[in-house]
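User: I would like to learn how to read a sheet, a domain division and a chain interface from a model. Please take them in turn.

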Amino acid sequence: MSGLIKSSLARKVVMALSGLFLVIFLVLHVTINLASVISPEFFNEASHFMGYNPIVQFLMQPILIAGVIVHFVMGFVLEFQNRAARNVRYAKFNGGANAPWVSRNMIYSGLVVLAFLGLHFYDFWIHEMAYKYVEANPEDPTRYYAETVEKFAPMWRTVLYVVSFVLLSLHLWHGFASSFQTMGVNNKYTPAIKSFTKLFSVVVPLAFAFIAIYHHLNPITH
Amino acid sequence: MKLFLKIWRQKDGNTKGKMVDYTLDGVESDMSFLEMLDILNEELIAKGEVPIEFDHDCREGICGTCSLMINGRPHGPDSRITVCQLHMRSFNDGDTIVIEPWRAKAFPVIKDLVVDRSSFDRIQQAGGFISVNTSGRPVDANAIPIEKEMADKSFNAATCIGCGACVAACKNASAMLFTSAKVSQFALLPQGQVEAADRVMNMVRQMDLEGFGNCTNTGACEVECPKGISLENIARMNREYLSASIKG
């Protein structure tokens, strides 16, 4: 096992598995978010459950945060190693002739998504932690819908979210199917995996973007 | 045709190199790219200048030595060929052509366009073989039945000529396609099973030690490989490696 931990292949496996884990999380996240458009009551219930269930809060949430950290830290490690592997750059390098842009620029799409996560944590997670543990407010299962819609009132935040979802889409476009190749899956199912990747990487970010724009255009009027 | 060439010149591995401009007239479209460089070198020698050093040997697409990055692509603009198979008809009169050596920390420049690819040899030596006793009475190869599909896949992997275009094309200078082809050609055959675990572990370890980059699955290597080695080999090597690691 020691060889597995030190090797380049192992680092890629860590990247692939943490990426696939985050993909599963995205499905859960977008499902609950869509409820905010369809049924504010259900959205409040689901959000309250996620916010106060001890298994979600003290087991799943730390695992998720660890998954995010592992994914981006390993991404940086791999990027630094890859840059070192070509210590003298080409005067002319036609990367577009043999590989798609998205696959060659995962670090940049990833950095935008990481920056977005910073904003997203500031907007929701830090606010939530302060509400529950610092200010020690009582439980209020009806507050989530209004708080979410209110966040998307400013145009700048909505635009930043939508732009980030576009970059998330590009990141998934290469990353999702790529994780299967890294895990050694390249067989008769690969065309189906690639097609599903394209569908997933368009539909999920589009749904996130739709929700942000919907709430921006439909503010709660008191 | 008249060409404007920008060629990497470097005295040796310890000296800093630079791009040097040359103008070459009278190039004919049926010349090979290497013949075009031969003519340039003849002109340089006639002028008393040091000719441009570049690797070449068989000039029939088999040896894999003609390692040139031409206008940002390994072996130039055409697919599934080496530089010796590239002809000047692929270029136009007045074109500017940029010619560089493979760029990778694991392929240090020896002189001008010549790089040291012995890192590939060391990967091969780490496990790219099977241990069999030889004698005056070898067992007939046909005595071991091999599925046709497996034999074909193994042969396809074995067509890798170790030219290094995969490393040159990869944005990370990764040697995964080369190493995986050399692992696969044995992994697919019964003769390769005995040492399969040690082979993949040792070859990957050596690949990492040489300082090649990591695989991002961009697929650039597969596109630029003159022998069309498939990414399936990389997936196979990943499976072999994971399986060997978990089994200890």
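User: Which order do the five strands of the open sheet in chain B follow, and what is the pairing?

Analyst: Strands of a sheet pair through backbone hydrogen bonds, either parallel or antiparallel. In this predicted model, the five strands of the open sheet in chain B run in the order 2-1-5-3-4, with mixed pairing.

User: Which strands of chain B stand at the edges?

Analyst: The edges are taken by strand 2 (18-24) and strand 4 (73-74) of chain B. Each has a single partner strand, so one side of each lacks a neighbour in the sheet.

User: In which sense do strand 3 and strand 4 of chain B pair, and over how many bridges?

Analyst: Strand 3 (residues 69-70) of chain B pairs with strand 4 of chain B in the antiparallel sense, over two bridges. At residue level, Met69(B) has Pro74(B), in strand 4 of chain B, as its bridge partner.

User: How many helices and strands does chain B have?

Analyst: Chain B has eight helices and seven strands. Its C-alpha trace spans about 60 × 35 × 35 Å along the principal axes. Of its 248 residues, 45% count as buried.

User: What share of the contacts in chain B between residues at least 6 apart in sequence joins residues at least 24 apart?

Analyst: The share is 70% in chain B.

User: Where are the domain bounds in chain B?

Analyst: Domain 1 of chain B covers 3-111, while domain 2 is written in two segments, 117-131 + 143-247. The centres of these domains of chain B, taken over C-alpha atoms, are 28 Å apart. Across the boundary, 18 residues of domain 1 of chain B are in contact with 17 residues of domain 2 of chain B. The domain 1 side of that contact has nine nonpolar, five polar and four charged residues.

User: Now the other chain. How many residues of chain B are in contact with chain A?

Analyst: On the chain B side there are 40 residues, in contact with 37 residues of chain A. The elements of chain B that give two or more residues to this side are strand 5 (96-100), helix 6 (196-209), helix 7 (220-224) and helix 8 (232-247). Helix 8 of chain B gives the most, with eight residues.

User: Which classes of residue make up the side of chain B that touches chain A?

Analyst: By class, that side of chain B has 17 nonpolar, 13 polar and 10 charged residues.

Conventions. Residues numbered from 1 in each chain as written. Chains lettered and ligands numbered in written order. Predicted model: local features only at pLDDT ≥ 70, side-chain atom pairs only at ≥ 80, totals over all residues. Domains from an automatic or database assignment. Contact = placed C-beta atoms within 7 Å. Nonpolar A, V, L, I, M, F, W, Y, C, P; charged D, E, K, R; others polar. Helix = DSSP H or I, 4+ residues; strand = E, 2+ residues; numbered from the N terminus. Buried ≥ 20, exposed ≤ 12 C-beta atoms within 10 Å, placed from the backbone. Pairing = 2+ DSSP bridges.
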